[in-house]
Amino acid sequence: MSLLVVGLSHRSAPVSVLERAALGADAQAKLLQDTIAAEPAAEAAVLATCNRIELYADVDKFHAGVAELSTLLAQHSGVGLDELTPHLYVHYEDRAVHHLFSVACGLDSMVVGEGQILGQIKDSLAGSQEQHTAGRLLNDLFQQSLRVGKRAHSETGIDRAGQSLVTFGLEQLAAGTPVENWAAGKRALVIGAGSMSSLAAATLARAGVAEVVIANRTLERAQRLAQILTEVDGTHVPARAVRMETVPLELTRADVVVSCTGATGLVLTAQAVAEALEGRVDGPFGPFPVLPAVPAQGGAEPVRASGAQTADSADARDELPPTSLGAEDDCPLDLSAVQGTAGFSVLGEAAVAGMAAAELEQHAAWVDKGDKERSGRPAGGAVLDPEAEFELITALAATVATVGRIPERRRPELVVPAPRPAPVLSILDLAMPRDVDAAVHRLPGVRLVDIESLAEASADAPMAADVDQVRRIVSDEVTAFGAAQRAAHITPTVVALRSMAADVVTNEIARLEGRLPGLDDKHRAEITQTVRRVVDKLLHAPTVRVKQLAAEPGGAGYADALRTLFDLDPETVASVSRAEDAENTENAKNRGRA
């Protein structure tokens, strides 16, 4: 049997696909059972977080295993196999071990170095044990991954490279302000009472919010979390539990909202958030603030932002430079085409942009007549002076000779961003699929940070130098795990060999007693001990050496050779293996409870 993992994560799939492929607790349990029922798999475990879905299995055939696991993921996620396949990755044997160890250390997390993944791996193992789908291989693998992750955090500074997704999300909401300063005095609403929501509530409480409200479908879980915050956490922040039906009312009071539920649909729609803003207890959401005046180019009067409601906006428009000359005597230029060109006269550079060579020559002759022959030109109109603009005219002439037309060379128009008020409500959506409607991004007065925006922000996050050290730890641990697994693979064969040898000794002693009925107990014991020492010495060197050889790459064949040479009963070897698997599983469960 061989280890295989098929999955998708934030590194291989867009958030929209991850969101649709998310698996609830019931779906994970059903996936595990269906995987075990499939022919290629003997063990199975599911690692499902907000940004990854991975199915681990012990399979006897690689290609059949990949096909079966991919199909099962598609069936249980509800995403078609054709759509899902381009986003799937596959790891096999040592590469699969390396992948899980890297995940456990936080190297594959959206926020590098975050430690929350260790709890999620532990939950995954516990779920597999409860469903009786984890055998010796997956128990050993997941237990070892937890130890590797803890080693990485204790022996290196990987914690400095990143933090939990909750902390990172709050930092994005704070937009450069220390989270403690940003959160101080705010009213927080946490939707959900699972592990991520609990971490968010505790983080906000430690940051100094004025109040934490926990909303959950199961009120008892919300009450338990609120009690922990007030009594156990030691933050002395008031915390209370409410039912989910009261979330619209709580939104009108909240300054910060963190949502992470297992809901399959939206928990907060854009309309609900907009209505909460209108009904806030500290007054309805006011009009857009007036943006500062933006100076116009060329020393003109300031131009107001287009969305600002100001009394002198009409005056400001009147003070813009003229957009055209009106009627110009004998001007060869199509004036209607220049009407929307703010800030330029028909004598300027914009006027001749796009002219053919013949038109340019006519226009130049018309301009060269000077001011005296035309009375319609307004004050401030630019006059093209051949001597002063010699270089420009030469460049334009060279361009015309090459392409036949004057290129477009307009001065960039002033672009004023749409006015957006400072946020009065900050929302952090850590759910997958999303809890908060993406349209909330467009609501004025709201700042929404979700998994998609966190992925974009984390792409530029700095990597700590300790990451290289963690990679070395992972590499060493993968080698050690592989050697241990190969050595363990031959253990049942060695045990069966020694058991067979013990049976031979017992049978020979019984036959000796039949031939020598007068043998006293002292001599019988001495003979028995001598025979056993002989057998042990004969088997010691071969069994020790075969374990060493089996631990090396390609050493699995030594177990087969041992079974063949000593004609060992395959069922005896299998029974030893089953007994060890049962013992390892029980030990793993006991360690999980501890």
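Predicted model: local features only at pLDDT ≥ 70, side-chain atom pairs only at ≥ 80, totals over all residues.
User: Let's take a sheet. In what order do the strands of the open sheet of four strands run?
Analyst: The order is β2-β3-β1-β4, and the pairing is antiparallel. The edges are β2 (41-49) and β4 (89-92), each of which pairs on one side only. Going from one strand to the next, the twist averages 15°.

User: Can we zoom in on one pairing? How many bridges join β2 and β3?
Analyst: Eight bridges, in the antiparallel sense, with β3 covering residues 52-59. To find your place there, pick A41, which stands opposite V59 in β3.

User: And which helix packs on the sheet?
Analyst: That's helix α5, residues 94-104. Helix α5 touches β1 (2-9), β2, β3 and β4, and its direction makes about 115° with that of β4.

User: Which residues does H99 touch?
Analyst: Start with where H99 sits: in helix α5. Leaving out residues up to four places away in sequence, H99 touches R52, E54, Y56, Y89, H91 and D108. H99 has 10% relative accessibility, so it counts as buried.

User: Now the rings. How do you describe a pair of aromatic rings?
Analyst: You give the distance of the centres and the angle of the planes. This structure holds three aromatic pairs. In one of them, the ring centres of F101 and F481 are 5.9 Å apart and the planes are at 80°, so we call the pair edge-to-face.

User: Where in the chain do F101 and F481 lie?
Analyst: F101 is in helix α5 and F481 is in helix α19 (residues 466-515), so to speak a link between distant parts of the chain, 380 residues apart. F101 and F481 are both buried.

User: Next, charges. How many salt bridges does the structure hold?
Analyst: There are 20 salt bridges. Take R434 and E19: their closest N and O atoms are 2.6 Å apart. R434 lies in the loop between β9 (425-429) and β10 (446-449), while E19 belongs to helix α1 (residues 15-21), so the pair ties together parts that are 415 residues apart in sequence.

User: Are R434 and E19 buried or exposed?
Analyst: Buried means under 20% relative accessible area. R434 comes out at 16%, so it counts as buried. E19 has 15%, so E19 is buried as well.

User: What does E83 form a salt bridge with?
Analyst: With R20, and the closest N and O atoms are 2.5 Å apart. This pair also links distant parts of the chain: E83 is in helix α4 (residues 81-84) and R20 in helix α1, 63 residues apart. E83 is partly exposed, with a relative accessible area of 33%. R20 is partly exposed too, at 43%.

User: What about R471 and D468, how far apart are they in helix α19?
Analyst: They are three residues apart there, which means about one helical turn separates them. Their side chains meet in a salt bridge at 3.2 Å, N to O. R471 is partly exposed, with a relative accessible area of 44%, and D468 counts as partly exposed at 42%. Salt bridges can also share partners: in this structure, such bridges join R11, R52, E54 and D108 into one network.

User: One last residue. Is S154 buried or exposed?
Analyst: S154 has 58% relative accessibility, so it counts as exposed. You'll find S154 in helix α7 (residues 136-155). Its side chain reaches the backbone oxygen of R151 at 3.1 Å.

Conventions
Residues numbered from 1 in each chain as written. Heavy atoms only, no water. Helix = DSSP H or I, 4+ residues; strand = E, 2+ residues; numbered from the N terminus. Buried < 20%, exposed > 50% of the residue type's maximum accessible area, 1.4 Å probe, protein only. Polar contact = N/O pair within 3.5 Å; in protein donor to acceptor, adjacent residues only side chain to side chain. Pairing = 2+ DSSP bridges. Axes fitted to C-alpha atoms, helices over the stretch in contact; angles between N-to-C directions. Contact = heavy atoms within 4.5 Å. Phe/Tyr/Trp six-rings, centres within 6.5 Å; stacked < 30°, edge-to-face > 60°. Salt bridge = Lys/Arg side-chain N within 4 Å of Asp/Glu carboxyl O.
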